[in-house]
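Visitor: I am new to this structure and would like to learn how to read it. Please take me through its features one at a time.

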Amino acid sequence: MAKVHPNMVPAPGAVDRTPCAPASSTEGPTTLTVWRKSLLFDCKGFTVFNTKGNLAYRVDSYASESGDEVVLMDAAGRPAFTVRRKRFSLQGEQWLVFSGEETRRPVYTVKRSGCGKTLAHVTACAGAVAGPSYDVEGSYARRSCVVYDGERRAVAEITPKEVVGTDVFRLVVQPGVGVSLAMAVVVALEQIFARPSLLRSWSTVD
């Protein structure tokens with residue numbers, strides 16, 4: 001099997017200090033390798049590496065936790081986004097995305113779609129910093145998804161990693177889109193579509 005986690009110490013510049021900010025449009029795409037595994041004992045989660053093999057993000061959810069709220073952390077362990085399930089929604093399954101650990105004012109919602117090939121709608125919340133909305137199309141189960149902006153431009157893509165199966169995949173984010181936000185959307189897609197979810201206990205009752 002291919003080596004998945006070459007370097008465990010974050011390199012200088014590997015930490016996204018402004019998770020809501022888009023990447024510079026003068027740079028090329030950002031490619032991450034996402035491993036559906038926590039490096040902590042008795043935890044479920046994600047471990048994410050950049051193209052140099054340095055740790056970029058991680059999600060650690062203890063087995064005893066319901067998974068209805070998870071925190072995406074940067075390479076230094078600082079919260080980038082918190083992803084929380086919206087309970088009692090009359091508009092289908094929704095997950096709220098909060099900046100950092102602040103859980104009063106969401107900045108985005110990720111809503112499951114029942115319309116054709118669209119998996120989910122990612123919508124900026126009223127009152128938050130103005131931001132574009134996105135549609136996610138494809139199949140998360142196959143790790144084959146494309147994120148489109150309002151002008152139908154592909155701004156991020158989830159693709160399978162050769163040989164190693166669906167537990168390891170790539171996330172490619174185009175310039176002009178926040179890399180941390182794209183990773184938070186991946187966490188929400190895991191919660192909504194993975195069966196069983198890596199992070200969520202399906203015994204949870206609303």
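Visitor: Which residues of the largest nonpolar core touch the most other members?

Guide: A nonpolar core is a set of buried Ala, Val, Leu, Ile, Met, Phe, Trp, Tyr and Cys residues joined through side-chain atoms within 4.5 Å. Buried means under 20% relative accessible area, exposed over 50%, and partly exposed in between, with a 1.4 Å probe and protein chains only. Here the largest core has 45 residues, and Phe46, Val136, Tyr140, Leu171 and Met183 touch the most other members. Helix α1 supplies the largest share of this core, twelve residues. A second, separate core of six residues includes Trp35, Phe49, Val164 and Val168.

This is a predicted model, in which local features need pLDDT of at least 70 and side-chain atom pairs count only at pLDDT 80 or more, while totals for chains, interfaces and linings use all residues. Residues are numbered from 1 along each chain as its sequence is written, and side-chain values use heavy atoms, with hydrogens and water left out.

Visitor: What is Met183 in contact with?

Guide: Contact means heavy atoms within 4.5 Å. Leaving aside neighbours within four places in sequence, Met183 contacts Val34, Phe46, Val48, Tyr57, Leu72 and Leu171.

Visitor: Where does Val185 lie, and is Val185 buried or exposed?

Guide: Helices (H or I, at least four residues) and strands (E, at least two) are DSSP runs, numbered from the N terminus. Val185 lies in helix α1, residues 179-193. With a relative accessible area of 9%, Val185 is buried. Val185 touches Val122 and Val136, not counting residues up to four places away in sequence. The C-alpha atoms of Val185 and Val83 are 8.7 Å apart, although 102 residues separate the two along the chain.

Visitor: How many salt bridges does the structure hold?

Guide: A salt bridge is a side-chain nitrogen of Lys or Arg within 4 Å of a carboxyl oxygen of Asp or Glu. The structure holds twelve. One of them joins Arg84 and Glu69, with the closest N and O atoms 2.7 Å apart. This pair links distant parts of the chain, as Arg84 is in strand β5 (residues 79-85) and Glu69 in strand β4 (residues 69-74), 15 residues apart.

Visitor: Which parts does the salt bridge of Arg152 and Glu137 tie together?

Guide: The side chains of Arg152 and Glu137 meet at 2.7 Å, N to O. Arg152 lies in the loop between β10 (144-148) and β11 (154-161) and Glu137 in strand β9 (residues 134-139), so the pair ties together parts 15 residues apart in sequence. Arg152 is partly exposed at 45% relative accessible area, whereas Glu137 counts as buried at 10%.
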